[in-house]
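Reader: I would like to go through this model with you. Could we look at it together?

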Amino acid sequence: MDYQAVLEEVAAFARPLVGRGQVADYIPALAGVDTGRFGMAVVDVDGGVYGVGDWEHPFSVQSISKAFSLALVLAEGGGRIWERVGTEPSGNPFNSLVQLEYENGIPRNPFINAGALVVTDRLQTLTGDASTTMLEFLRAESGNPDVAFDPAVAASETEHGDRNAALAHFMASYGNLDNPVPTVLEHYFWQCSIEMSCRDLALASGFLARHGLRADGTRLLPRREAKQINAVMLTCGTYDAAGDFAYRVGLPGKSGVGGGIVAVIPGRCTLCVWSPGLDTRGNSVAGVAALDHFTTLTGWSVF
């Protein structure tokens, strides 16, 4: 496979869509991001790295971090997390309060905000410092020691985090948080503020394509748990557009409102695409189109 040639063709296809959509201006620190940016990277399971456009420009990972926090919880022996969060698509916006009341404070899946808060709470209990644990993991797997938090984004999310605070307090009232709500929110906002490039994220996600093996060849997760993460990414990783994403792209994926999307082809490669313009469900307009075209060109999907 000539990955570079495929990426060049995908970038040309997606270019007319770059700039469409809106940035996540409800997080003021992200309101000024240039919607004209586009980057895409592929990392194959043998370590080959390929990229196009702004693939080495860092951006705010936001909800992409949720896939890594789930992996770290499972790696720490946290399989009981599934007693506290489900594995079903929500069908509602990622910050919805509605289902929590019907379902007694148990979030529908780990990739909506409520579910991610529960996972962060568990990671905090297991490690004592959830956000730093994630940062160190991402630095190691990406091979980039300069991966860092963005304090301005973390502060912006904290200042405008009333909905997340409401979700956390509501779950705490049902006994579904072990740590104080302010602690959970702090680590959640810091992990979402991490800045990485497409290159960094494609490298850091490689353990999902390698069935649980880290970049150094050691095992992070059993194959079964790597499969579980990929499965939940497929069904729940792109908010309430997961069905459309599966239909168009046919890969496990996790998006973030910073405009990034990570996708996994188990046994082959990982991909990351970034373009900040979002559709009404919070997914990158050009990014989804690029992944759709990639799987069309290559014929690779999980179906």
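Reader: Is aspartate 54 buried, partly exposed or exposed?
Author: Aspartate 54 counts as partly exposed, because its relative accessibility is 23%. Buried here means under 20% relative accessible area, exposed over 50%, and partly exposed in between, with a 1.4 Å probe and protein chains only. This is a predicted model, in which local features need pLDDT of at least 70 and side-chain atom pairs count only at pLDDT 80 or more, while totals for chains, interfaces and linings use all residues. Residues are numbered from 1 along each chain as its sequence is written, and side-chain values use heavy atoms, with hydrogens and water left out.

Reader: Which side chain does aspartate 54 meet in a salt bridge?
Author: Its partner is arginine 37, at 3.2 Å from N to O. A salt bridge is a side-chain nitrogen of Lys or Arg within 4 Å of a carboxyl oxygen of Asp or Glu.

Reader: How many salt bridges does the count come to?
Author: The count comes to eight. One of them joins glutamate 103 and arginine 108, with the closest N and O atoms 2.5 Å apart. Glutamate 103 is partly exposed at 27%, and arginine 108 is partly exposed at 22%.

Reader: And which residue does glutamate 141 pair with?
Author: The side chain of glutamate 141 meets that of arginine 214 in a salt bridge of 2.7 Å, N to O. This pair links distant parts of the chain, 73 residues apart: glutamate 141 is in helix H5 (residues 130–142), and arginine 214 is in the loop between helix H10 (206–209) and helix H11 (223–236). Glutamate 141 is buried, with a relative accessible area of 5%, whereas arginine 214 is partly exposed at 22%.

Reader: Changing topic: why is strand E6 described as largely enclosed?
Author: Six of the six residues of E6 (residues 260–265) are buried, so the rest of the structure largely encloses this strand. Both faces are covered, with Gly260, Val262 and Val264 buried on one side and Ile261, Ala263 and Ile265 buried on the other.

Reader: Which strands is E6 joined to?
Author: Strand E5 (residues 253–255) runs antiparallel to E6 and is joined to it by three bridges. Strand E7 (residues 269–274) is also antiparallel to E6, with six bridges. Two strands pair if DSSP finds at least two bridges between them. Lysine 254 has valine 262 in E6 as its bridge partner, and alanine 263 has leucine 271 in E7.

Reader: What about the turns?
Author: E5 and E6 form a hairpin with four residues between them, and glycine 259 in that turn has a positive phi of about 100 degrees. The hairpin of E6 and E7 has three residues between the strands, and glycine 267 there takes a positive phi near 85 degrees.

Reader: Which residues other than glycine have a positive phi?
Author: Most residues other than glycine have a negative phi. Among those with a positive value are glutamine 62, near 50 degrees, and asparagine 104, at about 55 degrees. Glutamine 62 is in the loop between strand E3 (59–60) and helix H2 (65–75) and is buried at 3% relative accessibility.

Key: Helix = DSSP H or I, 4+ residues; strand = E, 2+ residues; numbered from the N terminus.
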